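How do helices pack against each other in this model? Let us walk through it step by step.

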Amino acid sequence: MAFFWVICSQYIQAQPVNHALKKADSLFEAGQVTPAYKQYRLVREQQEQQSTRQLLRMAYVQESLGHYPAALYYLSVAHAGYPRHDTWRKMVALAQANRLTGYPDTWRQSLAITFQRYYNRLLQVLLVVAVVAGTLLLVRRKTANRVWWSMYGVYLLGVTVFLNLLAPARVGLVARTHAALMAGPSAGAAWLTTAAAGDRFEVQGQQDIWYRVKWQGQDAYIRRPDLLLVQ
């Protein structure tokens, strides 16, 4: 649990401090973690305000209460907003302790986390370059030859590939125990397996009341109320 106390101190972000959030911080720092959690949740749900520090503290409280699926959810949201290896390792440790799936501890995952940390920044740079280059070509359209326009087209294609193929995957966590994974988007489809609360799946899409997820290299379907999207 000391993990959270160390990491939380690294995420003090400059943001408008409202009364409810200030009260939550005071309660947490005074050791009254359960009332603090209620305040943090109030701020997040009613005021739509959250920070990485706030999410990690909410995860800490839920883990201390033995609610590891909730702890994993808040860790996942924090990780989605600001990917860090320390946060992921904590998620892996919780998942392994509770025999959950969807939390790979591999070098590929470590590389993906490093990439995700800089994805938004890289995308912003690529888009700025595209706008500036396009503006210059339009201004100098009388002197710009086809080679420059072709190079610009190839660049835009590369940005499109970066945006669509390399974007972080959308994931969801199973929200309840004994959630069924089906072979198709129907209660009459073949049953594949039963997922545990906290299992993590990559979401491929949705159809009616079903999410299509990736399970053991194949498509599977889970009811939407059974899966909580990380967002």
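α3 passes α4 in a left-handed crossing. This is a predicted model. Helix α4 spans residues 52-64. The angle between α3 and α4 is about 135 degrees, and their axes lie 10 Å apart. That angle makes α3 oblique to α4, because only angles over 145 degrees count as roughly antiparallel.

Which residues of α3 and α4 make the contact? On the α3 side they are V33, T34, Y37, Y40, R41, V43 and R44. On the α4 side they are Q54, L55, R57, M58, Y60, V61 and Q62. By type, the contact of α3 with α4 has 8 nonpolar, 3 polar and 3 charged residues.

Now turn to the packing of α2 with α3. Helix α2 covers residues 19-29, and helix α3 covers residues 33-46. These helices pack at about 160 degrees, with axes 8 Å apart. So α2 is roughly antiparallel to α3. The crossing of α2 and α3 is left-handed.

α2 brings A20, L21, K23, A24, D25, L27 and F28 to this contact. α3 brings V33, P35, A36, Q39, Y40 and V43. How do the residues of the contact of α2 with α3 divide by type? There are 10 nonpolar, 1 polar and 2 charged residues.

V33, Y40 and V43 of α3 are among the residues that touch α2. V33, Y40 and V43 are also listed in the contact with α4.

Conventions: Residues are numbered from 1 along each chain as its sequence is written. This is a predicted model: local features need pLDDT of at least 70, side-chain atom pairs count only at pLDDT 80 or more; totals for chains, interfaces and linings use all residues. Side-chain values use heavy atoms; hydrogens and water are left out. Axes are lines fitted to C-alpha atoms, for helices over the stretch in contact, and angles run from 0 to 180 degrees between N-to-C directions. Helices (H or I, at least four residues) and strands (E, at least two) are DSSP runs, numbered from the N terminus. Angles under 35 degrees count as roughly parallel, over 145 as roughly antiparallel, 65 to 115 as roughly perpendicular and the rest as oblique. A crossing is left-handed if the near helix is turned anticlockwise from the far one by less than a right angle, and right-handed if clockwise. Contact means heavy atoms within 4.5 Å. Ala, Val, Leu, Ile, Met, Phe, Trp, Tyr, Cys and Pro count as nonpolar, Asp, Glu, Lys and Arg as charged, and the others, Gly among them, as polar.
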